[in-house]
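I kept them in the order in which I went through the model.

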Amino acid sequence: MSDPHAGHDHTPKVTAGNETKMLIALAITFSFMIVEIVGGLMAGSLALIADAGHMFTDVVALSLAYFAFRFGRRAADEKRTFGYMRFEVIAGLINAVTLFAILIWIMYEAIERFRNPGEVLAGPMFIVATVGLLINMLVFWILTRGGDTDQVNIKGAVLHVLGDLLGSVGTIVAAIVIYYTGWTPIDPILSVFVSILILRSAWALLRNSLHILLEGAPDNAAPEAIEQYLKQTVPGLAAVRHVHVWMITSGKPLATLHVRPAPDTNPRLLVKQVEAELMKKFEISHATIAIDWPEDTATDDCCLGDDLQQGHEHDHSGHAHDEADHDHSGHDHAAHEHGHEGHKH
């Protein structure tokens, strides 16, 4: 059976407009982050510095998106058959750890400010925070221009910028309170509030990065859900086994599975239907599907360990999965001519 993915490019679909938007937004955000750090130190405002820390999360998100576009286009080679798609995930993990370090520092400084309140210059604080609000509004406008806002990297960056808009508003409020009342504890209080925003972003980034690196299944494509859906929707499908789903990077799920045709079912057409349903329901554009024949399924167990799908028809008890003992001779993989020679991921 011919591979419907032959000649298919699995690198992210990126337009020049997306890259340009990301680069402009990144340059603006990074530049003002430096200005905000300097302004926070000069004004003695921890809230401004915390807001700069939150802007750092924007820089991280925009950088990841931009370099994911750039590296994702690089061709696969013999050692990296999926190319450089995982660069985004590795960078996300490193940056999540960095963000937690920034959080610890801000929290420590906030406690020290409560113990020993210092002078805060409300005027410079207000000016820098207001400019920051305008900068964030400009970046938001740049990112939401055009018709590509549903792209996963664009959407993630937009969410970060929206969070930073809220942080800028909080800093402006703190500056106004200090100017009219002289109550400086509002500064560390607002810095803690902004830190909570950073914590949510950092935790989400860490959790998602680890989930992908641990070959976790997408939320909408659990193996059990895939098995049940295919059995209900694909005619001529007698059984589905050995379903494994993972993500090579965010928004790029892959799957391997075995299917057993019902009697008098054309295996070629069955595989095509399964591939079509995986794409339609679970957005899995790349699936490797092996054909199981009825007489072979009794002795074929999954070599990846205990099956996670409770009630699955294959039994692992008493089986030692030594690779040499795992006989695939009964499998007719030729029925699914899923040739990967020259396949570019």
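**Entry 1**

The model is a predicted one: local features need pLDDT of at least 70, side-chain atom pairs count only at pLDDT 80 or more, and totals for chains, interfaces and linings use all residues. Residues are numbered from 1 along each chain as its sequence is written, and side-chain values use heavy atoms, with hydrogens and water left out.

Which residue forms a salt bridge with Lys 231? I found Glu 227, with the closest N and O atoms 3.0 Å apart. The term requires a side-chain nitrogen of Lys or Arg within 4 Å of a carboxyl oxygen of Asp or Glu. Helices here are DSSP runs of H or I with at least four residues, strands are runs of E with at least two, and both are numbered from the N terminus. Glu 227 counts as buried because its relative accessibility is 11%.

**Entry 2: Other salt bridges**

I noted a count of 4 salt bridges by this rule. One of them joins the side chains of Glu 112 and Arg 115, at 3.5 Å from N to O. Both residues lie in helix α3 (residues 87-115), 3 residues apart, about one turn of the helix. Glu 112 is partly exposed at 25% relative accessibility, whereas Arg 115 is exposed at 61%.

Arg 241 forms a salt bridge with Asp 292, and the closest N and O atoms are 2.9 Å apart. Arg 241 is in strand β1 and Asp 292 in the segment after β3, so the pair ties together parts that are 51 residues apart in sequence. Are Arg 241 and Asp 292 buried or exposed? I found both of them buried.

**Entry 3: The sheet**

I then traced the strands. The 3 strands form an open sheet in the order β1-β2-β3, with mixed pairing. Two strands are taken to pair if DSSP finds at least two bridges between them. The edge strands are β1 and β3 (286-291), each of which pairs on one side only. From one strand to the next the twist averages 20 degrees; axes are lines fitted to C-alpha atoms, for helices over the stretch in contact, and angles run from 0 to 180 degrees between N-to-C directions.

β1 and β2 are antiparallel and share 8 bridges; Ala 239 has Arg 260 in β2 as its bridge partner. Their hairpin has 5 residues between the strands, and Gly 251 takes a positive phi near 80 degrees there. Strand β2 (residues 253-261) runs parallel to β3 and is joined to it by 6 bridges. I recorded Ala 287 in β3 as the bridge partner of Ala 255, and Val 259 as standing opposite Ile 291 in β3. β2 is mostly covered, with 8 of its 9 residues buried.

I also checked the helices that lie across the sheet. Helix α7 (residues 223-233) lies across β1 and β2 and runs at about 145 degrees to β1. Helix α8 (residues 267-282) lies across β1, β2 and β3, at about 145 degrees to β2.

**Entry 4: Ala 238**

Ala 238 lies in strand β1 (residues 237-247) and is partly exposed at a relative accessible area of 37%. Leaving aside residues up to four places away in sequence, I found that Ala 238 touches Arg 260, Pro 261 and Ala 262, where contact means heavy atoms within 4.5 Å. Ala 238 and Arg 260 are 22 residues apart in sequence and 5.4 Å apart in space, C-alpha to C-alpha.

**Entry 5: Helix α1 and overall figures**

Leu 41 lies in helix α1 (residues 16-43) and is exposed at 61% relative accessibility.

For the protein I recorded 8 helices and 3 strands, in the pattern α-α-α-α-α-α-α-β-β-α-β along the sequence. Of its 345 residues, 47% count as buried. Among contacts between residues at least 6 apart in sequence, 77% join residues at least 24 apart.

Key
Buried means under 20% relative accessible area, exposed over 50%, partly exposed in between (1.4 Å probe, protein chains only).
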